[in-house]
Structures are given as structure tokens and as C-alpha cells.
Amino acid sequence: MERLQKIIAGSGYCSRRKAEELIIRGEVFVNGEKITDLGSKASYSDQITVSGHNLKLENKEYILLYKPRGVITTTSDEKGRKTVMDLVETTNRLYPVGRLDYDTSGLLLLTNDGNLTNLLIHPRSNIEKVYVAKIEGIIKPELIKKMCAGVFIDGKKTAKAKAIIKKIDKKKNISLVELTIHEGKNHQVKKMFEAIGYKVIKLKREKFGSLDLHGLKSGESRHLTIKEVKTLYSIVKK
């Protein structure tokens, strides 16, 4: 027996938090009985209905995608724009773990493992994320140090970060900076550079936790190995 919200999230239907909201609203039924108690448990053999949909317990699937620029990080788009789901082949209902902006490329994990998703995106997870940013202008080392010590974005100070200046092109007036952060605030990398007076003109996420883009080209994807999934779980449970 498992908590009902854990089963719903684990099925890939939605996050655990969203599942709890649905339970409270009376939109979840187990074997025909409405459930509104968050402490309720169920088994995987029970008939679970969420918002009129019979829950299908799918095999867990984990896909690492090299997201190109110009693709939406969502499962569908009302404007008909290409989404990350258009780039992978699966019969399961997968969801992105976190998000990358429309104009940002790089590593994105897609899965129907709601438990792992919740662990990875939780603020306490401390998952390391490595980005490479092309910056307009010649960046100053002293400002990089200031940014890494923490800057205020949206009224809150960012946690300590690490940065390496990879390249400076005075002729083109651009800088290439590798930035490592452990948070996941909205547009965080762009806002961090804006806080020290620089504009990001191109951004790519190269690493997420223990995962990287090795062997993949833009738009390509692959399934995680069992070892990679276990490593991710071991990282977030430390």
C-alpha cells in the first residue's frame, strides 16, 4: 500500500503536489469511492480515477534530450509550436523535469517517474546545473566574483555559484562563461548576469546532476541506463 498522491505522481499523471490538490478537491476516486483524505492509501491493483480519467500505471521511462533552441519545454502548445515531446518517441506520458527557456538549448530530462521528478526539482535537492553562456561585452573578473558570491534577483539573493571564463573575443565583443548553480529559479542564469550588467545572448545547459550531453547532437535523445537512474536517486537522497 502507498499514499494515494504518491501513486498518482508515480504514474506520471501529475506532480505529487498537484495530486494532493486534486484529492482535496474531490476529483480522485479509488474503486468508485471518492477520496479526500491526504493520508489515504491504495494499492497498484486498485482502480484509481483522477478527474474522470482511469489511471494507467506505466513502466518507468527516462529520456535525456539535447533540447535545441526554438522548442517549448512543455507537453503541448496551444499555439502549435514545436514542443520537446515532438522530439522523442514514446508511448508513455512523459513530463519534463524542470524547464529550459524557448531560446535556451541543452540537457533536459523527460520521465513519468513523478517521485524522482519531485526529488530533483525540490529546492533542497541541491542538484548541480552547468550552463555555458555567451555574453554581450567583455566580462570583468571582479564582476564574475560578485555574481558568484550571490546577487539579488526578484528580491532574493542567489546561492553561491562557480564560474569559469572560457573565452573572450574582443573583436566580436563577446565573452563565453561557464556557470555552475544549484538552484532553479525562473530565468535564473540570465537574471544573474543582468544583475552585474551583462546580457546573455545565447545559453546552453551542459550538465544536470550526474548527466551530460556526451554523444548527443542537438535534437537527439537517449534513454538513461539503470545505473544512471540509481545515481540520480542516490544524489537527491543524500
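User: Quick one to start: which residue in β5 is the bridge partner of V28?

Analyst: In β5, V28 has V50 as its bridge partner. Bear in mind that this is a predicted model, where local features need pLDDT of at least 70, side-chain atom pairs count only at pLDDT 80 or more, and totals for chains, interfaces and linings use all residues. Residues are numbered from 1 along each chain as its sequence is written, and side-chain values use heavy atoms, with hydrogens and water left out.

User: OK. How many bridges do β2 and β5 pair over?

Analyst: Three bridges, in the antiparallel sense, between β2 (residues 28-30) and β5 (residues 48-50). For the terms: two strands pair if DSSP finds at least two bridges between them. Helices (H or I, at least four residues) and strands (E, at least two) are DSSP runs, numbered from the N terminus.

User: What order do the strands have in that open sheet?

Analyst: The order is β3-β2-β5-β6, four strands with antiparallel pairing. At the edges are β3 (33-35) and β6 (53-54), each pairing on one side only.

User: What's going on with phi at N31?

Analyst: N31 isn't a glycine, yet its phi is positive, about 50 degrees. N31 lies in the loop between β2 and β3.

User: Is N31 buried or exposed?

Analyst: Exposed, with a relative accessible area of 52%. The cut-offs are under 20% relative accessible area for buried, over 50% for exposed, and partly exposed in between (1.4 Å probe, protein chains only).

User: Which other non-glycine has a positive phi of about 55 degrees?

Analyst: That's H187, with a positive phi of about 55 degrees. H187 sits in the loop between β14 and α5, and at 33% relative accessibility it counts as partly exposed.

User: Switching to helices. Which residues of α4 are buried?

Analyst: In α4 (residues 141-149), the buried ones are I144, M147 and C148. They're on the same side of α4, because they cover an arc of only 95 degrees around the axis. That arc is taken from the directions from the helix axis to the C-beta atoms.

User: Now α6: which of its residues are buried?

Analyst: V229, L232, Y233 and V236 are the buried residues of α6 (residues 226-236). Their arc around the axis is only 95 degrees, which puts them on the same side of α6. K227 and K230 are exposed on the other side of α6.

User: What do the buried residues of α6 pack against?

Analyst: They pack against β7 (62-67), β9 (104-111), α3 (114-121) and β16 (211-212).

User: How many disulfides does the count come to?

Analyst: Zero disulfides, where a disulfide is a pair of cysteine sulfur atoms within 2.5 Å. As for cysteines, C14 counts as buried at 15% relative accessibility, and C148 counts as buried at 12%.

User: What does T83 touch?

Analyst: Leaving out residues up to four places away in sequence, T83 touches V71, I72, T74, T75, S76 and D77.

Terms used: Contact means heavy atoms within 4.5 Å.
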